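This report describes how two protein chains meet and then looks at selected elements within each chain. Please consult the sequence and the structure while reading.

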Amino acid sequence: MVAILYLISALLFILALRGLSHPESSRMGNIFGIIGMIIAVFTTLMFKSVFSYYEIGAAILIGGAIGSFIALRIEMTALPQLVAAFHSLVGLAAVFVAAAAFYDPVAFSIGKVGSIKTASLVEMSIGTFIGAITFSGSVLAFGKLQGTISGKPLVFKFQHFINALIFLLIIFLIILFVVNQSPTIFWTIVVVSILLGFLVVIPIGGADMPVVVSMLNSYSGWAACGIGFTLSNNLLIITGALVGASGAILSYIMSKGMNRSIINVVLGGFGGEQDSSSSKDNSDKIVKQGNAEDAAYIMKNADSVIIVPGYGMAVAQAQHALREMGDILKKEGIEVRYAIHPVAGRMPGHMNVLLAEANVPYEEVLELDEINHDFPMTEVSFVIGANDVTNPAAKTDESSPIFGMPILDVEKSQSVLFVKRSMATGYSGVDNELFYRDNTTMLFGDAKKMCEDIVKSLSA
Amino acid sequence: MEAHSSEVFVIGLTVFFLACIIGYYVVWSVTPALHSPLMGVTNAISSVIIVGAILAAGPQGFDTSKIFGLIGVVLASVNIFGGFLVTYRMLSMFKKKTKKTREKK
């Protein structure tokens, strides 16, 4: 009976992910997920070995209240931090469950204290190891995303060598733990894994955060898997594998969006550094500057406008003003669409959520491969808070650090409007030759203020 | 669940690989626009680890294992409620805002 109920719950989780294939089916999917979780929790509460309903109920209420409070109050711009924080909790929970299983193996029928089955010990320590890494890595990622810790990659000598040594040390500790089942060794594994988690995320820069967040998502799944093996619980194994696979695929998509291998990202040292050397040769070139009225005039006389938002737009909280601008243009009979680069936000799909929050209909928001061939037929590209993802150097300049990265072909549209605070380079530290082209107009200023001014000019 | 331990492990491994394959296909079918909600949902369901925490917190009396279990229940609950709720918030923004008449290119 228990196995059947767990199976139903696992199937519901699969349906929850399946629902996300389309926005219309996604809400039902979320409900499937919730039902699956309720079934899983109540099935477990029905176990003969479970008595302490009050304590467990209280624990669920406390946790649930905290979780609900945070989830209802969080700003959508802060979504990546929230997800990182949540991942850290999954990791920590995995460590605690593993510890509980170690101290009371009878409750999980994996042996007795001091004589736990070898297989269970191995699975337990691997679960602990991944859980602890997820915990500390996510805490650090949270700090970097929140801005409490500098987003700059911290690279020091022998970094990878040290990480490799620590990894070997952990393997050694696990073997030792399996042999002598000592609590001291168990907690040493926890501490050393936490240290490794920090060291793994430290060298990764701010712009690579979408990959890191996805990777930690994946780890949290594998941690659940590890615990699932320890407890011989298929529900945990299935769910862990689903989450692990999901995170792995997202990491793959994100690193492909930056044309970098996952290994390259993990080794770190990219992003956040402003390398000024590459921008020197362009200092004497002329940029055409414009103001809000110019931009309004250009767009008003166009048939089609593609808006390319980047993280800078989110930082300036310009999404509502931007949508207002789009609405006015649409009323004038101009076709307005949004082009989203895979790494446009701080986590996968972040920009889509921000635009949806500003009431931009999702049908108008298109992915890179859906819209890229439309740029040559487009009159105006309105780039706001994005830079590297539009840089043609990614296609032409083999020496450029962003060479090979898929970009949005805004340079093919008849004219380009660039909203930027200054001439500063993007995360990659590469200058954008697009700024100096004849058909480009630079609109310097705060993204939100600029959109509001354009709205004013359009309505005048 | 009382079977020979290596047999249990092989069953677990079978389930694991099949689940990975299902995960692979299901996740690739997720539309890129919904990748953030995907992270929200996966975050919530990975907290099914609460099952283990409840088992640890279940027995009568108070010992180390039970305290660990209860902490695990609290942590996982934060995630379950937080994860599903934040996903709900995100998804409700993706409701259709234009009229059903979608002009095709």
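## The interface

A salt bridge is a side-chain nitrogen of Lys or Arg within 4 Å of a carboxyl oxygen of Asp or Glu. By this rule, 1 salt bridge is found across the interface of chain A and chain B: Lys66(B) pairs with Glu55(A), and their closest N and O atoms are 3.3 Å apart.

The contact (heavy atoms within 4.5 Å) involves 108 residues from chain A and 85 residues from chain B. The buried area, meaning the accessible area (1.4 Å probe) that two parts lose on being put together, summed over both, is about 8400 Å², and carbon and sulfur atoms give 78% of it.

## Basis of the model

The model is predicted, and local features need pLDDT of at least 70, side-chain atom pairs count only at pLDDT 80 or more, and totals for chains, interfaces and linings use all residues. Residues are numbered from 1 along each chain as its sequence is written, chains are lettered from A and ligands numbered from 1 in the order written, and side-chain values use heavy atoms, without hydrogens and water.

## A helix of chain B

Helices (H or I, at least four residues) and strands (E, at least two) are DSSP runs, numbered from the N terminus. Buried means under 20% relative accessible area (1.4 Å probe, protein chains only). In H2(B), 12 of the 12 residues are buried, so this helix is largely enclosed by the rest of the structure.

## Lys420 in chain A

Lys420(A) lies in strand S7 (residues 415-420) of chain A. Its relative accessibility is 12%, so Lys420(A) counts as buried. Beyond neighbours within four places in sequence, Lys420(A) contacts several residues, including Asn387(A) and Phe435(A).

Methods:
Buried means under 20% relative accessible area, exposed over 50%, partly exposed in between (1.4 Å probe, protein chains only).
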